[in-house]
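This report describes a structure for a reader who has not seen it before. The sequence and model come first, then the notes.

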Amino acid sequence: MKLEQIKETITIVKDYPIKGIVFKDITTLLENSDAFKSTVDIMIDKVKHLDFNRVVGVESRGFFWSGPIAVSYTHLRAHETEADLVCR
């Protein structure tokens, strides 16, 4: 699935939660297994040249985007800091 097709699976809600804001609801993307897999594949392609051994998903969206990319995964909430992480 190409990026433009993936974008079409995202629901756009204008003036939510307040006037002037354009809310992009990715629930519909997550419900579409082809779109989700393609999105993860694109993300992997963008980082596969990097040498890393940890993936940290930051807050809400990071939790479910980072998991499929990682072999080993740690999530980080907004109120946590690097000092809260225990590297093993």
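## A loop residue and its surroundings

T9 sits in the loop that joins α1 (3–7) to β1 (11–14); helices (H or I, at least four residues) and strands (E, at least two) are DSSP runs, numbered from the N terminus. The model is predicted, so local features need pLDDT of at least 70 and side-chain atom pairs pLDDT 80 or more, while totals for chains, interfaces and linings use all residues. Residues are numbered from 1 along each chain as its sequence is written, and side-chain values use heavy atoms, without hydrogens and water.

T9 counts as buried because its relative accessibility is 13%; buried means under 20% relative accessible area, exposed over 50%, and partly exposed in between (1.4 Å probe, protein chains only). Leaving aside residues up to four places away in sequence, T9 touches T28, L29, N32 and A35, where a contact means heavy atoms within 4.5 Å.

The protein has four helices and four strands, in the order α-β-β-α-α-β-α-β from the N terminus. Of its 88 residues, 17% count as buried.

The structure holds one aromatic pair. Y16 and F23 form this pair, which is edge-to-face, with 5.5 Å centre to centre and 70° between the planes. Rings of Phe, Tyr and Trp (its six-membered ring) pair if their centres lie within 6.5 Å; planes under 30 degrees apart are stacked, over 60 edge-to-face, and the rest tilted. The table gives the accessibility of the two residues.

| Residue | Relative accessibility | Class |
|---|---|---|
| Y16 | 45% | partly exposed |
| F23 | 31% | partly exposed |
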